[in-house]
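Dear colleague,

I am handing over the structure we spoke about, and my notes on what was found in it follow below.

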Amino acid sequence: MNYPAAVDHETFMRLALDQARTAAAQGEVPIGAVLVASGAPVAADFNRPIGERDPTAHAEVLVLRRAASALGNYRLPGTTLYVTVEPCLMCVGAAVNARVGTIVYGADEPKFGGVRSLVELAGLRVNHRPEVIAGVLAGEAQALLVEFFRERRGRI
């Protein structure tokens, strides 16, 4: 029996959730990401577009940049990208260009999700399609978003 894969998904998603909490503490939308290669985290980061004054400073893009630097290659085949929320089109495009092997995410993002909510990654005509695993610790990821926006809007 091979149970560790599911446990690993939750373990790495918990690392991404920790990153998302850091984002929220800094006033950024609470999205975190971790890139794993050969069973170990290579890079972890969180959304920073406000702090960095950079619209591309999404958690996924920052993680891909760090991982490419750490691994010495802009291509990241065989890696797994863990993201607390369904990646947007920009981030999906970056993962496709990096040749990420698998994207694992928590909560769906109905307004901006580029994996299955806004568009179906499986239906795009691209030269590389990562495997997608959705819904890992989705409730925790969704709760972070709801609480963040509730506080931001001044509701209790």
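Strand E3, helix H4 (residues 89–98) and strand E4 form a right-handed β-α-β unit, where right-handed means that, with the strands pointing away from the viewer, the path from the first strand over the helix to the second runs clockwise. Helices (H or I, at least four residues) and strands (E, at least two) are DSSP runs, numbered from the N terminus. Please bear in mind that this is a predicted model, in which local features need pLDDT of at least 70 and side-chain atom pairs count only at pLDDT 80 or more, while totals for chains, interfaces and linings use all residues. Residues are numbered from 1 along each chain as its sequence is written, and side-chain values use heavy atoms, with hydrogens and water left out.

Strand E3 pairs with two partners, pairing being at least two DSSP bridges between strands: five bridges join E3 to the parallel strand E4 (residues 102–107), with Thr80 opposite Thr102, and four join E3 to the antiparallel strand E1 (residues 32–37), with Ala33 opposite Val83. Because six of the six residues of E3 (residues 80–85) are buried, this strand is largely enclosed by the rest of the structure; buried means under 20% relative accessible area, exposed over 50%, and partly exposed in between (1.4 Å probe, protein chains only).

As for the cysteines, the whole structure holds zero disulfides, a disulfide being a pair of cysteine sulfur atoms within 2.5 Å. The sulfur of Cys88 lies 3.7 Å from its closest cysteine sulfur, that of Cys91, which is too far for a bond. Cys88 is buried at 16% relative accessible area, and Cys91 is buried at 1%.

Best regards
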